[in-house]
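Hello,

Here is the structure we spoke about handing over. My notes on what was found in it follow below.

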Amino acid sequence: MSISKNDVDEPPLRLKSSATPANLGLFPGAPVVREVKKRNYLCAVDGDGGDHKALGDAPFRSLLERDLRTLLGANPDIAHYAVEPHELTYFIPDGRGGQEKHVYVPDVVCRYRAGSVVVIDAKARFIAELPAWTRRQPHIEEAYRLDHGVAFLTLDEAEIRAEPRLSNAQIMERHRYIVPDAVALLRVRDALVTLGLPTTIAAVVRAARLNDRPGECRAYTAVLNLALAGEVALDLARPLSFQAEIREVVP
C-alpha cells in the first residue's frame, strides 16, 4: 500500500519570533516594558533596586529576582544588564497544525564584558515545574537561540541562593565604592605587587598600613573593589573574611 504525502502529518512550519525593541533592550536608559497593574501581586515582595549595572530602571518583582541581581552586580565578568527590557513574541504549535502566539518578558538581559549576551529568568522551583512553564520554556529558549543568537537560562532558588556565593556577593556589593578611596587603592595595589599573588586580605591590610576610623578597614574595602572591577580574584568558595585568598585573574 502506498502512502501519499497528504496522508503524512507534517510538523507545522516554525514561525520566527520577534523582539521589541529589536536589540533586546540593551541600551542606556532602557525602559521596563512589563506593565504591572497592581504592585506586589498580593503574593510576592517587590521593590525598586539601585543596581549600578542596570542600564535603566531596576524594579524587582520578587526577592529571588533581587538576589539574582546581587550576583550579577558582584560578578566582574558582567558589564551591564537591563531589567524587563523587551517583549519576545514567539509561537507554540497548537496541535491542530497551527501556531499559538505568546508574549514573554524576561527578568533580565545581561551583556558580558567579552561581548556575549544571555537572557535570564529567576523562577521559584515550584513555578518552574508547573506545566504552564514547562510547556513554554523550550520554545522560549529555542526562539532566543535560533532567532536572536543568545542563550536563555532559567535559574531557581537553589542556584541563585547557593552559599557562600550569595552572602559573599552581598558583602562585596555593600563595600562597593560610591566615591573611590584613591589613596587606599594605590596602597593596596602597591602591597599586592610587594607581596605577590596568591596572598590573603589580612596580609594586604597589614602591608597597606592605612589609617582607619573605628569600624572601618579601608584596605579590606579596596581589595573588594579591585575584585569587583576584575583586577584580582577572590576565593569565594568560602565565606569572605580577612583570611580569604587573593588570586590572579585567570583569562
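**Charged pairs and overall form**

R189 is partly exposed, with a relative accessible area of 35%. Please keep in mind that this is a predicted model.

R189 forms a salt bridge with E231, and the closest N and O atoms of the two are 2.7 Å apart. R189 sits in helix α7 (residues 182-195) and E231 in the loop between α9 (218-228) and β11 (233-234), so this pair ties together parts that are 42 residues apart in sequence. E231 counts as partly exposed as well, at 41% relative accessibility.

Helix α1 takes part in two further pairs. One of them joins R69 and D51, whose side chains meet in a salt bridge at 2.5 Å, N to O. R69 belongs to helix α1 (residues 63-74), while D51 is in the loop between β2 (47-48) and β3 (59-60); the two are 18 residues apart, and the pair links distant parts of the chain. R69 has a relative accessible area of 4%, which means that R69 is buried.

The other pair is D67 with R161, a salt bridge of 2.7 Å, N to O. D67 lies in helix α1 and R161 in the loop between α5 (157-160) and α6 (165-174), so the bridge ties together parts that are 94 residues apart in sequence. Are the two partners buried or exposed? D67 is buried, with a relative accessible area of 4%, whereas R161 is partly exposed at 35% relative accessibility.

There is also a network of salt bridges, which links R34, R61, E84 and D107. Over the whole structure, the search finds 18 salt bridges. Side chains of opposite charge can pair when their charged atoms come close. The protein carries 32 positive and 34 negative side chains, and the centres of these two sets lie 4 Å apart.

Now the overall form. The protein has nine helices and twelve strands. Its radius of gyration is 23 Å, well over the 18 Å that the globule rule gives for 251 residues, so the protein is more spread out than a compact globule. The C-alpha trace spans about 85 × 45 × 30 Å along the principal axes.

Of the 251 residues, 41% are buried. Among contacts with a separation of 6 or more, 64% are between residues 24 or more positions apart. The accessible surface comes to about 14300 Å², and carbon and sulfur atoms account for 54% of that surface.

Regards

Notes
Residues are numbered from 1 along each chain as its sequence is written. This is a predicted model: local features need pLDDT of at least 70, side-chain atom pairs count only at pLDDT 80 or more; totals for chains, interfaces and linings use all residues. Side-chain values use heavy atoms; hydrogens and water are left out. Helices (H or I, at least four residues) and strands (E, at least two) are DSSP runs, numbered from the N terminus. The radius of gyration is taken over C-alpha atoms; the globule rule is 2.2 Å times the number of residues to the power 0.38. Buried means under 20% relative accessible area, exposed over 50%, partly exposed in between (1.4 Å probe, protein chains only). Contact means heavy atoms within 4.5 Å. Accessible areas come from the Shrake-Rupley method with a 1.4 Å probe; for residues, only the protein chains shown count as cover. Lys and Arg count as positive and Asp and Glu as negative; His and the chain ends are not counted. The place of a charge is taken as NZ of Lys, CZ of Arg, CG of Asp or CD of Glu. A salt bridge is a side-chain nitrogen of Lys or Arg within 4 Å of a carboxyl oxygen of Asp or Glu.
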